Amino acid sequence: MTDKKNKSGDTARKIWLAGIGAYGRAFSEVQEGLSKATKNTSKVFDELVQKGEVLETVVTHKSKEAFDKVSDKFGDTIGDGFDMDERIAKMRARLKRGGGDDADMEDRLDAIEAKLDEVLKLLKPKKAAPKKKAAPRKKAAPKKPAAKK
Amino acid sequence: MTERSKTKEKILRTALALLNNEGEVNITAVDIAAVMEISPGNLYYHYKGKDVIIVELFADFESELRQVLAAPVNKPMALEDNWIYLYIIFEEINDFRFFFLNLTSLLERIPELKPKFTRLLSLMQKTFERLLSGLEASGHLNFRTDEKQILSERLTAHFTYWLPYANLRGLKGSPKTIIHEGVYTALTQITPHWGNQSEPYAALLKDFLDEQVG
């Protein structure tokens with residue numbers, strides 16, 4: 001059964017090759033060939049297939065080139081030994097770590113605020129106002145969803 | 001995150017599994033208690049009903065998805081990174097699928113979730129737009145006026161409705177397969193914007209899908 005399948009696939013390929021072979025020729029040439037075709041159909045067909053095969057190589061080669069070019073741009077890790085599950089797990093870990101959990105984030109915010117206070121003190125020892133203004137605004141935001149619950 | 005007792009945590013895990021696997025409409029608070037082998041009264045002590053549990057589960061989902069969406073994706077990622085990134089977003093959605101499979105009726109029944117969910121969608125759209133902008137800035141993608149914004153909205157809609165749609169279409173396969181198909185469909189929408197490289201890009205995508213789905 002697979003043999004039959006292969007054979008029909010092969011025929012389809014040959015018809016396709018004949019198709020692009022015909023495109024590769026000048027139209028007049030094809031017409032010439034067609035007039036001869038009445039005498040020897042299979043010969044013309046074979047010729048077209050041959051021509052098509054050459055073109056196919058060119059086409060595949062070209063698309064391979066384009067393919068490689070794109071692969072280059074995307075990074076060329078697609079290939080053997082590419083373990084999707086591993087990559088997914090890795091990125092998942094990276095994303096979650098990058099986001100940090102809320103406690104971590106708050107620690108960092110606290111640290112930043114402390115540093116900001118220092119900077120503000122250095123800049124304008126008398127003006128504590130900007131610091132005071134910023135603080136209640138930040139605290140008001142997380143309160144809202146908490147109240148809703 | 002808010003501190004939770006071990007029992008509360010266990011209630012939430014059990015509820016999520018039940019809701020996801022049996023469908024939201026088929027599960028009551030009593031069912032959750034029964035599976036946990038605690039009395040409904042005990043459950044009620046911790047959570048006053050199924051919808052309160054769902055609101056709490058939503059808060060978890062929201063914080064998880066926000067983390068993923070807020071990740072720095074401004075530098076153009078490699079194709080497989082884009083694929084994996086979208087895959088992880090879908091994974092989050094899949095972990096909370098009972099919600100997406102019954103979106104309309106749940107949002108009607110628990111209106112307090114609606115503004116939260118709307119904000120989440122808006123964040124998702126912004127993330128997609130940023131991703132597309134990154135690829136545009138590096139000269140990979142071309143967009144005419146408004147196209148980028150429209151595409152990011154379309155991607156957001158795709159992510160929101162992919163699971164119920166796959167369900168309705170009777171898509172067969174493991175959750176993994178369905179997610180990979182969803183990622184493929186999402187990335188395919190970008191194909192026309194690759195200009196003269198759209199053909200090899202499409203071939204590459206298809207290759208990638210075949211490799212994942214087998």
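Helices (H or I, at least four residues) and strands (E, at least two) are DSSP runs, numbered from the N terminus. The structure described here is a predicted model, in which local features need pLDDT of at least 70 and side-chain atom pairs count only at pLDDT 80 or more, whereas totals for chains, interfaces and linings use all residues. Residues are numbered from 1 along each chain as its sequence is written, and chains are lettered from A and ligands numbered from 1 in the order in which they are written.

Chain A contains six helices and zero strands, and from the N terminus its elements follow the order α-α-α-α-α-α. Of its 149 residues, 6% count as buried. A residue is termed buried if 20 or more other C-beta atoms lie within 10 Å of its own, exposed if 12 or fewer, and partly exposed in between, with C-beta atoms placed from the backbone. Two residues are in contact if their C-beta atoms, placed from the backbone, lie within 7 Å. Of the contacts in chain A with a separation of 6 or more, 70% are accounted for by residues 24 or more positions apart.

Chain B contains 11 helices and zero strands. Its elements, read from the N terminus, run α-α-α-α-α-α-α-α-α-α-α. Of the 214 residues of chain B, 28% count as buried. Among its contacts between residues at least 6 apart in sequence, 67% join residues at least 24 apart.

Helix α1 of chain B covers residues 6-22, a total of 17 residues. Its span from first to last C-alpha is 24 Å, close to the 24 Å expected at 1.5 Å a residue; the expected span is 1.5 Å times one less than the number of residues. The buried residues in α1(B) are B:Ile11, B:Leu12, B:Ala15, B:Leu16, B:Leu18 and B:Leu19. These buried residues pack against α2 (29-36), α3 (40-46), α4 (50-69) and α6 (97-101) of chain B. Just after α1(B), B:Gly23 adopts a positive phi of about 95°.

Helix α11 of chain B, residues 198-213, has 16 residues and reaches 22 Å from its first C-alpha to its last, close to the 22 Å expected. Within α11(B), B:Pro200, B:Tyr201, B:Leu204 and B:Phe208 are buried. They cover an arc of only 105° around the axis, which puts them on the same side of α11(B); the arc is that of the directions from the helix axis to the C-beta atoms. An α-helix has 3.6 residues a turn, so residues three or four places apart point the same way. The face turned away from the buried side of α11(B) carries the exposed residues B:Lys206 and B:Asp210. Just after α11(B), B:Gly214 has a positive phi of about 75°.

Helix α9 (residues 147-168) and helix α10 (residues 175-188) of chain B pack at an angle of about 145°, with their axes 10 Å apart. Axes are lines fitted to C-alpha atoms, for helices over the stretch in contact, and angles run from 0 to 180 degrees between N-to-C directions. The crossing of α9(B) and α10(B) is right-handed; a crossing is left-handed if the near helix is turned anticlockwise from the far one by less than a right angle, and right-handed if clockwise. In this packing, B:Leu155, B:His158, B:Trp162 and B:Ala166 of α9(B) meet B:Ile178, B:Gly182, B:Thr185 and B:Ala186 of α10(B). By class, the contact of α9(B) with α10(B) has five nonpolar, three polar and no charged residues.

Most residues other than glycine have a negative phi. The loop between α8 (113-137) and α9 of chain B holds B:Asp146, which is exposed, with 8 other C-beta atoms within 10 Å.

B:Asn82 belongs to helix α5 (residues 79-95) of chain B. This residue is buried, with 20 other C-beta atoms within 10 Å. B:Asn82 and B:Leu187 lie 105 residues apart in sequence and 8.7 Å apart in space, C-alpha to C-alpha.

Note on methods:
Nonpolar A, V, L, I, M, F, W, Y, C, P; charged D, E, K, R; others polar.
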